[in-house]
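Please read the following with the sequence and the structure open beside the text.

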Amino acid sequence: MKIGVVTFPGSLDDVDARRAAAVAGAEAVALWHGDADLHGVDAVVLPGGFSYGDYLRAGAISRFAPVMETIIKRAGEGMPVLGICNGFQVLCESHLLPGALIKNHHRKFVCKDQALRIENNSTAWTSDYDANHEITIVLKNQDGSYVADEATLDRLEGEGRVVARYLGNPNGSYRDIAGITNERGNVVGLMPHPEHAVETLTGPTTDGLGFFTSVLKAVVAS
Amino acid sequence: MSTDTVSNATSTPDVEQPWAELGLKPDEYQRIRDILGRRPTSCELAMYSVMWSEHCSYKSSKVHLKRFGEIPQETPAGKMLAGIGENAGVIDIGEGYAVTFKVESHNHPSYVEPYQGAATGVGGIVRDIIAMGARPVAVMDPLRFGPLDAPDTKRVLPGIVSGIGGYGNSLGLPNIGGEVVFDPTYLGNPLVNALCVGVMRHEDLHLANATGVGNQMILYGAKTGGDGIGGVSVLASETFAEGGPTKRPAVQVGDPFMEKLLIECTLELFAANVVEGIQDLGGGGLSCATSELASAGDGGMRVSLDKVPLRDASLSPEEILMSESQERMMACVTPENVEAFLKICEKWDVQADVIGEVTDTGRLEIDWHGERVVDVLPETVAHEGPVYHRPYERPSWQDELQADGAEKLPRASSGAELRDTLLKLIASPNLCDKSWVTDQYDRYVLGNSVLAQPEDSGMIRVDETSGLGVAVSTDCNGRFAKLDPYTGAKLALAESFRNVATTGARPVAVTDCLNFGSPEDPAVMWQFTEAIRGLVDGCKELGIPVTGGNVSFYNQTGETAILPTPVVGVLGVIDDVTRRTPIGFTAEMEGHQLYLLGE
Amino acid sequence: MARVVVDVMLKPEILDPQGKAVHGAFGRLGFDGVADVRQGKRFEITLDGEATEERVAEIRKAADTLLANPVIEDYTLHVETGQ
Amino acid sequence: MARVVVDVMLKPEILDPQGKAVHGAFGRLGFDGVADVRQGKRFEITLDGEATEERVAEIRKAADTLLANPVIEDYTLHVETGQ
Ligand SMILES: Nc1ncnc2c1ncn2[C@@H]1O[C@H](COP(=O)(O)OP(=O)(O)O)[C@@H](O)[C@H]1O
């Protein structure tokens, strides 16, 4: 079972995502933005960071990377993809997920331990959580406020595609949304960082590990 | 303006030169003429003036900093692999690992333009660390501001904090500690000190020198612009009249994305073993990099300045030599490795150009479109600057200050008064919770932050298997240092040492950033020498060396100097980070006993 | 050399935290009578040669795909003449 | 309701990392013939009433002190007419 983690220029949490995949028992594979080949991985993580400095819009330039073409195609075929923070922004910019992420309403970078409720535990990345499971993982970002038009928000709620919601909104996200999924449940975007909550020595909890163990099961099952 | 070549300088000895505008003293200008046996060309004058400035030459502090050499150059953990004089000190921490760490100031730029000043301060110290061959793994930021409620603090503080966060967060470096201290003396002169820690394997250690005749000098990173060359523009003033003034910005804008690429690119260059020597371009730009690399080498160097890629085509050769454009590095590479070097840079989208080579002449020769504009012995630029023995004297007010003891203050006489005093203390900006600052810094990235705020020291895991790690703390109480600079410096050292020791790490080495007022004031100079004496004595008593640091003078508003602020950073080593001791009283400690140690 | 300017603004229905903050600051500094502030981005694109119709069409395509995110932003584009 | 637009750009001599990143992306996406890209900010300020001379002078003052950082930025201001 191989989990690929893409490095874009300016990716920062790629090493951490690989570590988390390994802690969960997967083989972590480093993927390069300029290489369209996925090297046989079963699932992909788009990691956090400031790809291309986030100078234009977070994720706006990365989505044109050669590796993204393959990922978009494979995601359409059902391959699990998790975008964390900057990765979530790339997924929105790529239109794999609806909506967009804009500057935090307080306009500052924020780094804190954040409580969330898992609202959909049937995606490829959340099946190891209980329904309404409350977890605490790391939140750290500048452009973390999830926005979409009302119709889209209603549709996401109606179809149960809100994967996680903040308990105490830290950034102005519409309807407290911390993460969403596509119709099929294989592509998940999440603003907080589960990969920074996989060992108590360096993270606030180990609550983030479930994302990585979930996808192992999803891949084995498929 | 025609190019002022070496032969032109020889044939026109009496040309008036703007040495005073460039900050040189009459005797310094004469000394340059004596060294060269002729007048300097305008490019040479530019190089000497920058390299002989206080900032680059340490001319007021050199004689005193030498005393750090009296401390035994061994650390409790092992050898010092590089010490004062290198970009940053390097310490053996065992298991084949070495760490490097250094603190530097970016005070004045941060006052002028808080966000960019602070951001580029972080950028500069990080490049010092990568130049040693290390991967940067953490940053810290000791800060000083005027009173929290002063209007200018409202301008300065948010910018500085977001600049440090904006740059460090974008580089993916966890911020594992620092200080936020307020005092009226910092109102017109905030202090922004930035510390970076790096980790490497012993064999990856790289020193800054250019050796091996025929080796190529490669400049890589950002293009060169007119950044930070304010004063030197007088050299090109005639160009202004002709082409209309191209303004030369005094403020540099940082590009953390470029720097992140530079980190990854540089580490890949080291891993591929295609670099002989390397240096970052900081204050002094190419003047500094070329003269220091050449004088640390065994030959000479020839550089074609016209090969330097420019962001602003109107720059004169003098300005190119002086530019402090950020996010640039210079490497010495064997001819066989040039192609591999350029290929790695291309992979990371980093511009790289061969601009010169190592020669056997022992001289630093710089050409501009085929004409020689610099021909000097590189040591005379880099190391033979003026050395001042500035007068110093214990100020007359020191006795009065010391006599004004705290025991004369009224004491709380009732429970209610005591309660008020306590509430006042814990609500004071200097003592209150700092998360309003630290929440703007990423402390988790890289996944090795074992301790960060609100801990007394930061701690980073170096090896995931063995648990080897390092702890770092920075401290200084400027009020103590003003009362008694000798004891104040010792106290700063002792506090930092204790903060590291209490985590369970063994303190092994010191870096320091000496922030003081004007060295031309004998009272300030006295504070400075006393602080150094305190650090030297303290380090001897504790058995740990000073591995590097930085001096920042002229921190004052008019006649009022800042509190003497010798910020001390202590680094410790811990065999197994899982055995660290965090601060605080958590639920799992219920039933533990409390002891008070010391007198 | 010609210059094309692309102005990108958040759609009116999307909350603009930066514009809101500026609006708030206006109030605190005593600049009254401001009903609303929106903050967007301005791109000044200098072309190598003339701003021919095809070149401008290219830039428009870049604006559609890169400079603006149509999910949350609108843009306007104009060729700047005579400087 | 009148609208005043303030365009803030980094001074030409100051490095513009954002413009540089966009310029680089243009190249990679095959949009050629672009000599330079600068990215700045655009503020659209809607006034409660008319854009009288005093009101505009007020906004200009706000631009000087709040919207632009004179150390590194220049701005231009214009009143938008007829929409
Ligand atoms: N500028 C800063 N940057 C990063 N961390 C900081 C900064 N200032 C304070 N901290 C951290 O916040 C915590 C509390 O700081 P402080 O109140 O100064 O602690 P102490 O008084 O115990 O030294 C410490 O962990 C310190 O390292």
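Start with C85(A), which sits in the loop between β4 (81-84) and α3 (86-93) of chain A. Keep in mind throughout that this is a predicted model. C85(A) counts as buried because its relative accessibility is 5%, and the cut-off for buried is under 20%. Leaving aside neighbours within four places in sequence, C85(A) is in contact with several residues, among them G48(A), K140(A), L190(A) and H193(A).

Which residues does the UniProt annotation "active site" cover? The unreviewed entry lists C85(A), H193(A) and E195(A) under that heading. Although these positions are spread over 111 residues of sequence, they cluster in space, with a largest C-alpha distance of 10.9 Å. From this set, C85(A) and H193(A) belong to the lining of the largest cavity.

The side chain of E195(A) makes a polar contact with the side chain of H193(A), at 2.8 Å. Beyond its neighbours within four places in sequence, E195(A) is in contact with residues including D13(A), D16(A), I84(A) and F212(A).

Now turn to how the chains meet. Which chains share the most contacts? Of the 5 pairs of chains in contact, that pair is chains C and D. The contact takes 34 residues from chain C and 33 residues from chain D. The area buried between chain C and chain D is about 2,700 Å², and carbon and sulfur atoms give 64% of that area. On the side of chain C, F31(C), R42(C) and E44(C) supply 20% of the area that this chain buries against chain D, more than any other three residues.

The elements of chain C that give two or more residues to the side touching chain D are β1 (3-10), α1 (17-28), β2 (34-47) and α2 (53-67). The largest share of that side comes from β2(C), with 14 residues. The interface of chain C and chain D holds 2 salt bridges. In one of them, the side chains of D7(D) and R42(C) meet at 3.0 Å, N to O.

Chain D also touches chain B. This contact takes 11 residues from chain B and 9 residues from chain D. The area buried between chain B and chain D is about 1,000 Å², of which carbon and sulfur atoms give 63%. Three residues, V253(B), D255(B) and R311(B), supply 42% of the area that chain B buries against chain D, more than any other three. This interface has 2 salt bridges, one of which joins R28(D) to D349(B), with the closest N and O atoms 3.6 Å apart. Chain B and chain C, in contrast, do not touch, and their nearest C-alpha atoms are 13 Å apart.

The last topic is salt bridges within single chains. How many salt bridges does the structure hold over all chains? The total is 60. In chain A, the side chains of R161(A) and E183(A) meet in a salt bridge at 3.8 Å, N to O. This pair links distant parts of the chain, since R161(A) is in the loop between α4 (150-158) and β9 (162-166), while E183(A) is in the loop between β10 (177-181) and β11, 22 residues apart. R161(A) is buried at 4% relative accessibility, whereas E183(A) is exposed with a relative accessible area of 64%.

In chain B, E44(B) forms a salt bridge with R38(B), the closest N and O atoms being 2.7 Å apart. E44(B) is buried at 1% relative accessible area, and R38(B) also counts as buried at 14%.

In chain D, the side chains of R3(D) and E44(D) meet in a salt bridge at 3.3 Å, N to O. R3(D) lies in strand β1 (residues 3-10) and E44(D) in strand β2 (residues 34-47), 41 residues apart. Salt bridges that share partners join R3(D) and E44(D) into one network with other residues, including R42(C) and D7(D).

Methods
Residues are numbered from 1 along each chain as its sequence is written. Chains are lettered from A and ligands numbered from 1 in the order in which they are written. This is a predicted model: local features need pLDDT of at least 70, side-chain atom pairs count only at pLDDT 80 or more; totals for chains, interfaces and linings use all residues. Side-chain values use heavy atoms; hydrogens and water are left out. UniProt positions are given in the numbering used here, feature names are shortened, and annotations may be inferred rather than shown by experiment. On a 1 Å grid over the protein atoms alone, a cavity is a set of points where a 1.4 Å probe fits but cannot get out, and a pocket is an open set with protein on both sides within 12 Å along at least five of seven lines; lining residues have an atom within 4 Å of a point. Helices (H or I, at least four residues) and strands (E, at least two) are DSSP runs, numbered from the N terminus. Buried means under 20% relative accessible area, exposed over 50%, partly exposed in between (1.4 Å probe, protein chains only). Contact means heavy atoms within 4.5 Å. A polar contact is a pair of N or O atoms within 3.5 Å; within protein, one must be able to donate a hydrogen and the other to accept it, and residues adjacent in sequence count only if both atoms are side-chain atoms. Buried area is the accessible area (1.4 Å probe) that two parts lose on being put together, summed over both. A salt bridge is a side-chain nitrogen of Lys or Arg within 4 Å of a carboxyl oxygen of Asp or Glu.
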